[in-house]
Every structure is written in C-alpha cells, then in structure tokens.
Amino acid sequence: METVLRAKKVNKYFYEPEEFHVLKDISFEVRRGEFLSLIGKSGCGKSTLLYLLSTMDTDYKGEIEINGTKLTGQKQKQLAAFRNEHIGFVFQFHFLLPEFSALKNVMLPAEKLNKYSKSEIKDRAYEKLRMLDMQDYAMKQSSKLSGGQAQRVAIARALINDPTIIMGDEPTGNLDTANTQIVFDILKDLATNKGQTIIAVTHDPEFAQKSDRIIEMKDGEIIKQ
Amino acid sequence: MIGVNLEIARTHLLAKKRQTLVAMMGVTFGIGMYLLMISFMNGFNEYLEDTLLSSTPDIHIYNDIKTDYSHSILDQVSDTSRMLNIVHHPKPKDITPNIHNPKQIVSDIKTFDNILAVSPQLSSQVFYNNGPVQIPGTLNGVNIMEEAKLTNLQDKMKTGAIEDLMKVDNGILLGHGLATKLNASVGDLVTLASPQGTSMSFRVVGTFQFGIGSLDNIRSYVSLKNVQQLLGKDNQYVTDINIKMKDYTKAKQLAAVFARKYGYKSEDWQVANASAMVSITIRNMMTIVISFTLLVVAGFGIYNIMNMTIQNKLKDIAILKAEGFAGSDIIQIFLFQSLTIGLFGALLGLILGYAMSYGVYNLPFPKNEFMSITHFPVTFHVRHYVFGVVFGMLTTLIAGLMPSLKAGKIDPVAILRG
Ligand SMILES: Nc1ncnc2c1ncn2[C@@H]1O[C@H](COP(=O)(O)OP(=O)(O)OP(=O)(O)O)[C@@H](O)[C@H]1O
Ligand SMILES: [Mg+2]
C-alpha cells in the first residue's frame, strides 16, 4: 500500500513560559487505508503532533508530506484549501457552530470546497448523518444537542468531503461504550472499504488495540511503532 | 465560495438581532443627524446668499470720493524743506460723486461675456415727509426693467407691479417697512425732500420686500429721470452702475478688470457682504466638523461591537479555520457583517434624516417682520444623501476592517487547545 503521510525529523519547541522541546525527532509513515492509534501519557505531545499533521500549526522544524504533497513551508491560504479537501478533523469537545443546525454544520466544509451543487451537498450531509444515526436531528440547532449527539455530528462533518485522512483528538473521549463502538466501526469501515486513513489520539486501550497500528509516545518521542 | 461566507455572516447577524440593531441604530442616528445638520445649515446659507445676492449687485461701480489731504496747494509756493504747511480741517472742493460718461461705460460693459444686466442708477439720500415727521432714506433712480433683472424685484413685490412705474407719471415703489411707516399704500401721494432742499411728490404704485429690514425700511425706486429732476442734474448724471452676471462666482475677477479700465471703484458682492460671507464660511465649517464627529462616533460604535462579536466568536473562527476556511474567508465573514450594519444603518439614516429635515422644514419660523420667511429654510439635495450613504459605508468599512483583519489572523491551535 502506498504511503499517504510522511513525517521526517519533526521537532517542535514552545518558548513560553520557558523553552521546552515538546516534539523530538518525530519520524514515521502512514499508509493509505491504515487505522492508526496514537497513545501515550497525558502531556507527552500527542495533540501537539496532531495539530502539526493537520497543517494548522506551521511552527516546527522537519518535514511533513501528505498525499505526495510537501506541506512544510506552504502558505496559510494553500494549507487551508488543502485541509478543506484532504483532512477531516474531530476534536475531543465536539466544537460545532452553535447558531447553525446539525445539517448545516456538516454542510459548511463542503460548501467551502464548492465541488458539489447545493442539493448534492445536502444529500451527502444527510448520508453522513445517517451513518452516525443522527439523521433525525438534522434540523436541530447544534447548541441544543447533547454532548454525545454533538460529537457524532462533528464526526459526520469531518467525513463530508471524503478526506484522505481523518484525524481525531480523542474522538470518542466523550462517548459511552455503545457509541464508542459505533464510531469505531464507522471509522474502521471507512479505512477498509473506502481507503481513508485514520489517525486517532486515544486514551482507550481497547480502542487502540482494535486498530491496525499503535504509535506510542513518551516525553515528545516515539517509543514504539 | 463567497456564498458560504455571506451565509455565515448573515446567520451571525440574525443570531444576535439586538446587538445588530443597536449597532445599526448608531449609524442611523449618525447619518440622520448629519443630514438634518447639513440640510438645515445649507438651507439657511442658501437663503442668506439668496437675499444677499438679490439685494446686492454682483458688481457695483461707483465714484469713491477721495479724501487724500496729505498734500496742499501751499506746498507748491513754499519750500517744504524749511517749513511745515499746516492746513486745519481741509474740505474737498469741486468734487462730484457722479460717474462721467455713464452711457459709454454701460455700453462697453455690455460687450463683456457673462453679463446679464447693467443698470445705471442715481441714488440719493432723501427725506420722506409724513406730515410733520421726516423719515430719512435712500431714493434710487433706475431703469426699472434693468433693475428688475438685477434684483428680481418683480418677485419681491407685496403690492402693485413694477411696470406701473413706467406707466404712471412720477410713480414710486416703496419698501414695505417704509410704506408702513408712512402709512402709504398704492395710489397715495408721498412727498420727498432732497438734501439740497428741493422736493417732489410721487404716487405710490407698489411696495416691495427683500426680507432685509435695513433695506425695506429705507429704500424706494423711481425712474432715473425723476431723481435727476429732483436733484437738478442733467440726464447724464449717474452715481452708480450695478451689474448682474450670468455666473456670479466670476464677479471678483471682472470687478478688478472694470476698476482698472474705467478708473472707478468696482466692488464685487463678496466684498460688499464680507461679514456675511465669513459667517457662511464658519457655519459651513461647523457643519462639516459636527457631521464628521457624528459619523466617526457611529464608526466607533461599529468598531466596538465588531470587536466584541469577534471576541465571542473565537472558537467558531478556530473551527472554521480547522475546516479549511482561510484567513481571507474569515475577514470576509466579519467585514460583510459590519458592511451590512453600515448599509442598513445608513439607509435607515436617510429616512430618519429626511423625516427630521421635513419636520423642521414644516416648522413655522418665529414671526419676524424683518425677514420674509414663513418656515425654516431646509434644502433637500440628493448629493447630501448620496454622500451620507457613501461616508456611512466608508466609516463602517474602516471600523469593521480592523477587527476583521485581526479575526483573520487568529491562530486556531491556540484556541482549540482551550
Ligand atoms: N501553547 C503551549 N505553550 C507551552 N507549552 C504547551 C503549550 N501547549 C501544550 N504545551 C505543553 O506541551 C506538552 C504537550 O502537550 P499536548 O497537549 O500535546 O499533550 P497531550 O499528549 O495531548 O496530552 P493529553 O493526553 O492530556 O491531551 C505539555 O507538557 C503541555 O503542557
Ligand atoms: Mg491532547
């Protein structure tokens, strides 16, 4: 299988409140369709690494390449467009736009991408919501959803543009066991049947165990992959 | 793509209706007050300029009697290097205040471009006799049709018609205030005495009102020939030449030309009304300063509210950026919000401004026998309204731009970390 993500000697420092070497010589590769779990103790730098991979944080040394495109050194505008098309991001705390309906939240990244017509986008958004069993809440204002419901809408939103990579920072951290299982199955299905790559930070050993591969970090270094 | 940004902006605006409305009202009030100010001030200035212009000729040529007594004829017979000639209380001798060759000058002036009317006049101080009381005033001997072109006298008539001055022997047009003092109306006879002591009787054919008390209380018009008779002068005797131009803004240059060419004092209307012109300029300045302040204050309101909005929307901005919206999209979203506030605020401001101006326009002017206005002078110029919208939009653009640019630069990671 081809390599879809490549990180080469990635280093990151924080300078506030004092200099702190948070990521040290991180190098690894991820193949297309792989379901990868990123684990490690709290504060070891998992989220920091994920933000770098997501192209939102550009303040690092080393090189990151996704889908054959070298992203290091690119302009913010191009990175935004790349992110829009190729990366779906799920945060631990759902983070929906409160004024919009669940459906609209899912639709927005697709409207930004502007690849499909409005009605197609709507159909696709419904389809993603249905995958997460949230179709009944499509018209509900997102600020009125429960935590678990909102998280599932957020996952649907991450899927809307059929991204190359889906990144999650504890995507199931807020869900009960049943819902965690549902989300895991969906992600697993996307990886095996659609060839989409999953990178998920998790504190759930069971979740990690079921995934294809585990990368374990400690104090800013990869200790096992 | 812009479509999504607009949609997000609209949703934001509608989600906080009250805040949006308050921001809009700031602009509405600013533009409304600006319009009221400018319409009212402009109306007042136009009214003043109008009355000034119609009562003052664009150019006034007259013989300014020189009173230069620094030299004496004695200087020629005695050596001034050794002694001083002192003459007590010198007086002019053999000086006449008239203009020589008026016919020639008038026909020469008429060959210039931009001349609408030339009216040679003979004016004199007179006493109007009202029984035992003598009222001082001025008598203007004119060719009434030329004079009408200068002053629009026909529009200022309260009673009678100007043409009657030519039909009736020894007819006279009296200022309204003067007629009231003399208790004279059309058909009555009034007697005038010249400074030389001669007197003549005139029949009132009409009364006029310029709306300037100092004029309406003293001035009257008769034919040029009548004044020449009263003063015992020949039919070439003229003291003033008044000129009306097609474009009165060019009066200054032409006045200078006439002064050099004919050797008489030649004064344009701005000089003649210098103090009034200064007050017009000051009023214009004040209007501009106050209007500007109002609009800037409205701008600060928008700046404030946009800053607050963005502060409350940091998380949303971070999410949008994570989804792939670029900094320029975020700028668009918030700029569109402030421009919408600006546009609707400004449009409502136009309505408010118009309504208030219209209200003032309909207010009766406090009753005043010296001024010929019945309501407050207010102008309704489209250019003021266009300027109001343009400037209102511009203020909101600038006020919205700073917070929006800041929003575009927000680092999503810092916010998503919490
Ligand atoms: N903006 C920042 N400035 C300075 N230090 C930071 C900043 N953000 C994170 N850190 C530090 O960097 C280290 C890594 O943080 P990170 O959030 O990546 O940990 P994590 O592995 O995701 O932990 P958790 O499992 O608790 O989410 C931590 O020690 C944290 O205190
Ligand atoms: Mg973390």
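Predicted model: local features only at pLDDT ≥ 70, side-chain atom pairs only at ≥ 80, totals over all residues.
View 1. Domain 1 of chain B is assigned to residues 2–53 + 277–417, whereas domain 2 covers residues 57–68 + 94–272.

**View 2. The contact between chain A and chain B.** Chain A contributes 26 residues to the contact and chain B contributes 25 residues. About 2300 Å² is buried between chain A and chain B, and carbon and sulfur atoms account for 63% of that area. Of the area that chain A buries against chain B, 29% is supplied by Phe95(A), Glu99(A) and Lys112(A), which is more than any other three residues supply.

**View 3. Salt bridges and polar contacts between chain A and chain B.** Five salt bridges are counted between the two chains, and one of them joins the side chains of Lys112(A) and Asp329(B), with an N to O distance of 2.6 Å. Between chain A and chain B there are also nine residue pairs in polar contact, with both residues of each pair at pLDDT 80 or more.

**View 4. The side of chain A that touches chain B.** The elements of chain A that give two or more residues to this side are α1 (46–53), α2 (76–86) and α3 (102–113), and the largest share, six residues, comes from α3(A). Sorted by class, the side of chain A that touches chain B holds 13 nonpolar, four polar and nine charged residues.

Key: Residues numbered from 1 in each chain as written. Chains lettered and ligands numbered in written order. Heavy atoms only, no water. Contact = heavy atoms within 4.5 Å. Buried area = accessible area lost by both parts, 1.4 Å probe. Salt bridge = Lys/Arg side-chain N within 4 Å of Asp/Glu carboxyl O. Polar contact = N/O pair within 3.5 Å; in protein donor to acceptor, adjacent residues only side chain to side chain. Helix = DSSP H or I, 4+ residues; strand = E, 2+ residues; numbered from the N terminus. Nonpolar A, V, L, I, M, F, W, Y, C, P; charged D, E, K, R; others polar. Domains from an automatic or database assignment.
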